[in-house]
Amino acid sequence: MDSETLGKKIGISEELIKKSYTLSLENQVSNELFHVDKSSSDAVFIVFPGSWTVKEWFSGDQAFGETKINSKDWSKKAFPSMRSIGNDDVAIVNQAFLERFELVLKDSKDSKDSKFLEEVTLAMNGNKPIIFTGHSSGGAVAVLATIWFLEKYSKSNTGTAKCVTFGSPLVGDYIVSHALKREKWSKYFIHFVMRYDIVPRILLAPLSSIQQELEHVLHYFTANGHHYPLESIAPDFYTNVMRNTSALASHAACKLMGNTNLLLETLTNFTKLSPYRPFGTYIFCTGNGKLVHLDNPEAVLQLLFFSCQLSHENEMEATARSCINAHLDYKTELLGRSLEENVVYVDRLEELPLASDGSALDDLGLSTRGRLCLRAAGELEKQKQRNRQQIDRKKAEMEEGMKGLEEYKTFNAQKVGYYDAFKKQNEKRDFDANVRRLVLAGIWDEIIEMLKRYDLPDEFEGDDSWINLGTEFRRLVEPLDIANYYRHAKNEDTGAYMTKGRPRRYRYPQRWLEKKEGRERDTCGESCFWAEVEELLKLASNGGKVDEARAKELQEGVAKWIKDGVAGKDVLLGDSTFLKLWEELGRLKLQQECIGALMTNFTQLSIS
């Protein structure tokens, strides 16, 4: 743990943090969807008020009010990065907060763009950073606004943004955390949380367990804590929220520590746990002038549980009241003192002392068990890094194998062609190429298995070096896999390669490239077009009906890939499988001029 000023660690000054809170406090109860403040010369603040009815926290028919972030057309377009790329798991977010942001995004008066978009554009044109901020559920909407901003503008380099929240409930699941890290956006999210504030834990409980009490608690917040009989609802509300927090934290801790307890897994099949998880940077306020900085989401989840525990049973009523009142106590903690002192940055979790060490973690009430869980969270990240180093060391072997296949491809470029030579397997060099194919396939299968389990760092699928290597591997090796598949007539037993036989080791890198280049799904098919050639050839040769649009799409794609240099001109050699299909398409009057022109040029070059 290193002591350091907060501003340097999170990239935002104390003045702007305090300004964010002051504005959030002033606007926490408002009829406006958002408020814009331009009084600072350093930033434009877009402030989101809280929402104070149960239906504005839980909507839809799911236990925790969750929905997939792409559940609507507008949100699918607004949040394209909020998914895991290879596994294609879509992020889950709170439906009520997503609907609230939809209102913000679409709110307009007699203009093409929404008022929100107009304000964002003005701020960017003025070269001012934007701080999206809010207290309570206003912070949750600020989170979605910031993700929207980063999706829309992060590549333009014409502006920057920060999200600063105070006592915000959780917004999304682990896929949101995964995607933000992959995109290198986690650093833009700063969450301040009072030790005992119950609100960041509320969505860890299903609505059915807290609905009645939640309505009263939200009313209490809007009354700013005045003249409300808190004692009658606080103990039950605290108990139900923390019971569910305990179940989730315990399940997560078992996974962190590698516990394979079958009973635990069986119980989770019958007891639905909250999907929500922390992401970004959390600043825990101890309540006595100290701040604890954490950016490990697994550790934050554990701390949300362990920092809000009872020391003795007779503390129940007092602690329950504190957990609700703490949501209104940020002013004292943030405005009444300097934020540049007494900040502890917990960066080496796996080395955390198990005994009390006099640090701010003691002020959060962190027990030995809690410290073990935080250690495990740190060790998990270390293990992911070690896994990354393990596969990085195999890069040289992969590059050597691909170099051998490139030489094999060049040798066959003017003969029978790369694809057809491998399919026929007439010479020893074809056998050697197959050995290289199998070795490379084994390495990539190992990588894909790690990705399926999320055993690699979240940043891996956004790493340009691996995207490029995966693209090279896919374009070079997948045609050989397809040739092997149809050589052994696996399509007869299993089905078409693309629907039944295509390995994940090619699907994942293709999705990486499509994501990087902003393309639609399944548009980078240059490595697998041979499978479509085989299927259409089989159909045409057996007298089946060949779909005209399908044949046209294939021919146009092949022509483009040859022109772009990602497919070799050996595709057009006289004895190739593609030329056999071309002849069949000629008989069916389905040939496209784009291929005819390429063939004329190729023939002229060959003769010359």
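Predicted model: local features only at pLDDT ≥ 70, side-chain atom pairs only at ≥ 80, totals over all residues.
Residues are numbered from 1 along each chain as its sequence is written, and side-chain values use heavy atoms, with hydrogens and water left out.

**The cores**

Let's start inside. A nonpolar core is a set of buried Ala, Val, Leu, Ile, Met, Phe, Trp, Tyr and Cys residues joined through side-chain atoms within 4.5 Å, where buried means under 20% relative accessible area, exposed over 50% and partly exposed in between (1.4 Å probe, protein chains only). The largest core has 133 residues, and Phe101, Phe116, Trp148 and Phe192 have the most contacts inside it. Helix α6 (residues 137–153) gives this core its largest share, 11 residues. Helices here are DSSP runs (H or I, at least four residues), numbered from the N terminus. There's also a second, separate core of 64 residues, with Met450, Cys524, Ala540 and Val558 among them.

What does Trp148 touch, leaving out residues up to four places away in sequence? Its partners include Phe101, Phe116 and Tyr153, with contact meaning heavy atoms within 4.5 Å.

**The pockets**

Rolling a probe the size of a water molecule over the atoms shows where empty space is left. On a 1 Å grid over the protein atoms alone, a pocket is an open set of points where a 1.4 Å probe fits, with protein on both sides within 12 Å along at least five of seven lines; lining residues have an atom within 4 Å of a point. A volume is the space filled by probe spheres set on the points.

| Pocket | Volume | Lining |
|---|---|---|
| Largest | about 980 Å³ | 31 residues |

Tyr174, Lys255, Arg277, Glu298 and Tyr454 lie nearest the centre of the largest pocket. Helix α10 supplies the largest share of that lining, five residues.

**One threonine**

Finally, visit Thr600 in helix α27 (residues 593–607). Thr600 counts as partly exposed because its relative accessibility is 43%. A polar atom of the Thr600 side chain lies 3.0 Å from the backbone oxygen of Gly596.

Technical notes: Helix = DSSP H or I, 4+ residues; strand = E, 2+ residues; numbered from the N terminus. Polar contact = N/O pair within 3.5 Å; in protein donor to acceptor, adjacent residues only side chain to side chain.
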